[in-house]
Amino acid sequence: MAWILVIAAGLFEVAMALCLKKSDGFSVLLPTLGFLVFAVTSFGLLSLALTRLEVGTAYAVWVGIGAVGTAAAGMLLMGDQVTPLKIGALAFIIIGVIGLNLAGSGAH
């Protein structure tokens, strides 16, 4: 269950980042409100997950989902440039997160 919370928190982080972009420096109301809701939800879910998981691994997964998800969404939905180097770098993030999990994330 704790890992489901981390995954959900990571997805809310992606939504938060997309709203942040659309908020235009917090000058557009709806995306600004979305940013706030998604940020609080993301941090809240991560906080709950951390009661059962190691902080380093859980945080790395959360950040990885946020980074890879936001970069992918930017390329797919917002016209961000797609390059082989970006795709390769995202693959390395995924490999690193998987490696941390394989090294033992352990619940307490």
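I began with helix α1, where Ala-2, Leu-5, Val-6, Ala-9, Gly-10, Glu-13, Val-14, Met-16, Leu-18 and Cys-19 are buried (under 20% relative accessible area, with exposed over 50% and partly exposed in between; 1.4 Å probe, protein chains only). Helices here are DSSP runs of H or I with at least four residues, numbered from the N terminus.

A note on the source: this is a predicted model, in which local features need pLDDT of at least 70 and side-chain atom pairs count only at pLDDT 80 or more, while totals for chains, interfaces and linings use all residues. Residues are numbered from 1 along each chain as its sequence is written, and side-chain values use heavy atoms, with hydrogens and water left out.

Next I looked up what covers the buried residues of α1, and found that the cover includes α2 and α3 (contact means heavy atoms within 4.5 Å).

Then I turned to the largest nonpolar core, which has 12 residues, among them Leu-45, Leu-53, Trp-62 and Val-97. Such a core is a set of buried Ala, Val, Leu, Ile, Met, Phe, Trp, Tyr and Cys residues joined through side-chain atoms within 4.5 Å. Two or more residues each come from α1 (2–22), α2 and α3 (55–77). I noted that α1 gives the largest share, four residues.

Just past the end of α1, I found Asp-24 with a positive phi of about 55 degrees.

Last, I checked Leu-29, which sits in α2 (residues 29–49). Is Leu-29 buried or exposed? Leu-29 counts as exposed because its relative accessibility is 61%.
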